Amino acid sequence: MASGIKDKVAILGMGCSRFGERWNDNAEDLMIEAYVEALADAGIEKSQIEAAWLATAIEEEHVGKSAVPLSMALRLPNIPVTRVENYCASGSEAFRGAVYAVASGACDIALALGVEKLKDTGYGGLPQRNRGSVNDLFWANASAPGSFAQLASAYSAKHGVSKEDMKRAMAHISVKSHDNGSRNPKAHLRNKINEDRVMNAPMIAEPLGLFDCCGVSDGSACAIVTTPEIARSLGKTDLITVKALQLSASNGTESQHNSWDGSYFVTTRAAANRAYKEAGITKPRDQISMFEVHDCFSITELVTMEDLYISDEGKAVKDVMDGFYDADGKVPCQIDGGLKCFGHPIGASGLRMIYEMYLQMQGRAGERQRSEEPVFGMTHNLGGFPHQNVCSITIVGKEGA
Amino acid sequence: MEVGILAYGGYIPQSRLQRSEIAKAHAWFNPGLKGLAKGERAMANWDEDSVTMAVEAARDCLADSDRDQVSAVYMASTTFPFTDRQNAGIVADALNLKSSLQTLDFASSQRAGTASLSVALQVAKGGSGPILFTAAEKRKTRAASPLEMTSGDGAAAFLVGQGKVIARLLGSHTEAVDFVDHFRGENEDFDYSWEERWIRDEGYLKIVPAAISALLNETGVKPEDITTFCFPVAARGVAGAIAKKIGLPESAVADNLQENCGETGTAHSVVMLALALQNSKPGDKILVASFGQGSDALLFEVTEEIKTLSPRRGVSGYLARRYPETNYSKFLAFHDLVNLERGIRAETDKKTGLTTLYRNKGMAQAMVGGKCSQCGTAQFPKSNMCVNENCGAIGTQEDYPFAERISKVNSFTADRLTYSPDPPAYYGMIQFEEGGRLMSDFTDISPETDIKVGMPMRMMFRIKDYDNKRGFRRYFWKAAPAGASNKGE
């Protein structure tokens, strides 16, 4: 019987570049920015890294295929380097690869780095691209906002929430993320906004307006992991360890079988159940100190609160409006600004979320530092579309918690 | 055994461009167009062409007919989307007809519609199975031309053959005269036309009466016995003048649909025939004539069988399914008559792998999905492993066509980010009542449509993507509001 990942691997060091419109930097420059910080934080030499994982999602817009771009950018000494891509869960996948490598005993120290350089398309938003030669024959002409927007129509219909109440709760989510982002020097968007501005913004995909959508950013994030024993031998104390690493991929049920009503994420619920079990968490609403969810759109965040079992089903709107998820609320969500404002360089996003949990647990989050000491931090990525996607959940926490 | 029409169907696109808006836009240049500014013209959506309209008319025509009995598909148009790829074959494929089938395109004349109907009837005399004949037109016209005002887009379809005909063919006659009133040369988008008065005096009023007189002579039917006279030309008073010249009753002259549709090119004589049949009663004698390098004349007598024909939308049903469009700019953009800034998102390459298409054409063109023979779950697309999590059987999928099934909206959006020739792009999850679902593009969503979760939708065969780089286009099915008449179908 598998015992899970809990406390088998510790985070040795992390780094994260500034996210944003990095007009004058190549992907390689962003990688080095995150790596230099992570290496210094870990306090090791490059030669101690025994394996590395690179995450990029839309590589055709920047570095191209394979893991070679990472190996070349960091001048890694011909160690095993692997590139992973799993939609917006790519960064978490790189982390999973590195953590599993250490946990297996295959290597002592491993590196995970995610990067995305999206601002070379000539227009805002994610690149318009093909979906595969067979899919192109029948898939709807769907964008990311248009796919996620449909959660709102299905959720409203299921729970009897009016369009206005939905829109207001979604606006509250975005306002909160902008408030949080304004306190984060590495965030892409640092301006504060108010609910009226969100409600009156131009429509992108009904009912999502401009401020319901996260930014598309350039950026990179990096983690170096090892065993708790080695971390201690390197002089680290108060270790932050991996408690759970879960992934769930759609199997076609949502897109092809009439058992799904379109108002929630099948994969998130599956991954959350397994992650809590792996981490030994029984009451997430009480035990999770803070979390970062994949707030690509405000509606995704709202629905995910329930799929992670923090809010009861149908009750997320109330929790959001009560300020439960605000930076000073009971369980802060996106305390760093989230995808919405920290930014969303796809391959880096999962690692960026873990980076924030890591900083907060060490009391290094600066102006946005949570005063209550966090014990468990959870991150969540959702790649693809509500009707067919990949969900990853990572829980990190104090060693022994 | 007598030969004739077994069933009819029609299709007119939903949008009706108000002619007053066209005239207003061009008044500075050609104030004379004001004389044609009454009424409205049918305007195909950006994702419609002659093939898609023919498919809709054919679906209307076939209603509850046994599609496996169809022995041939003929299509007439002067605006075929493909010059070398049989367009009738695409129609047949979209209708999920068997491959043991004769298919043929008829083109190059405003008379192609009636000519191919004649041919279909001649072939049917030989005792083949029923022949599906369809005609459709989506004519490209120059801005500020009279044709822009008088043309419309549309299609008609007929099942012809022996047996329980709703209208028996009494006879047909053709006059072939190379009278060039207009032409469209190779690689030309637009017609080049000669003076209207000459066309009327030397063309319409001489060539058409010759064909009709010969037909009446051959059949022994007296002019005064004609109930309905279908003549497609838009010019005012021409049909009446021909009728008078031959002695047809004035009351027999059918409305040429200028007021609410426009002249649908080579399809128009048979669009008028489909409407005439829809409004007919047993014993009626319907005369159809055309004009284009000569004239075809066909005479039908409506039989008692018309009373037993299953209900269908027909031309009148589709004329009633209407949205009055007042945006002439949209018409220009849909017909590529204006150099619109479409944005970088529009640059995405829409190349279709022909191997991919052929391998998947049951899915992509006929919308055939699968049904598990073990658990009975229907799914789209068909796959080699059942989607039902409690089943998962391998190799149990039997063909299960979705195109004629009604679905309901589960979720939807109106997307202004993704590139669409007609933003916002509407799409959503649709769920079929007997199983199966699809994240589907929506089409024919007018500003008056109030989309709601639970709303019934029907599938329509449309252009999915244009590959302008290679001159290809791929088709697929999209969901459109089913409308009251289709509920519970």
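In this predicted model, the end C-alpha atoms of residues 263-393 of chain A are 20 Å apart, and the span is 41% helix and 15% strand. UniProt, in an unreviewed entry, assigns the feature "domain: Thiolase C-terminal" to residues 263-393 of chain A.

The domain assignment divides chain A into domain 1 (10-120 + 218-233) and domain 2 (142-213 + 237-398). Taken over C-alpha atoms, the centres of domain 1 of chain A and domain 2 of chain A are separated by 23 Å. To their contact, domain 1 of chain A contributes 36 residues and domain 2 of chain A contributes 34 residues. On the side of domain 1 of chain A that touches domain 2 of chain A, at least two residues each come from strand E1 (10-16), helix H3 (90-104), strand E4 (110-116), strand E7 (219-226) and helix H8 (228-233) of chain A. H3(A) supplies the largest share of that side, 8 residues. By residue class, this side of domain 1 of chain A comprises 22 nonpolar, 9 polar and 5 charged residues.

Attention now turns to the interior. In soluble globular proteins, nonpolar side chains tend to be buried together. Here the largest nonpolar core has 280 residues, and those with the most contacts inside it are A:Ala98, A:Leu113, A:Ala223, B:Val91 and B:Ala156. Helix H15 (residues 346-361) of chain A gives the most to this core, with 10 residues.

A:Ala223 illustrates the packing in detail. Apart from its neighbours within four places in sequence, A:Ala223 is in contact with A:Ile11, A:Met14, A:Ala38, A:Phe95, A:Ala98, A:Ala112, A:Leu351 and A:Ile354.

Conventions. Residues numbered from 1 in each chain as written. Chains lettered and ligands numbered in written order. Predicted model: local features only at pLDDT ≥ 70, side-chain atom pairs only at ≥ 80, totals over all residues. UniProt positions renumbered as here; feature names shortened; annotations may be inferred. Helix = DSSP H or I, 4+ residues; strand = E, 2+ residues; numbered from the N terminus. Core = buried A, V, L, I, M, F, W, Y, C linked by C-beta atoms within 7 Å. Buried ≥ 20, exposed ≤ 12 C-beta atoms within 10 Å, placed from the backbone. Contact = placed C-beta atoms within 7 Å. Domains from an automatic or database assignment. Nonpolar A, V, L, I, M, F, W, Y, C, P; charged D, E, K, R; others polar.
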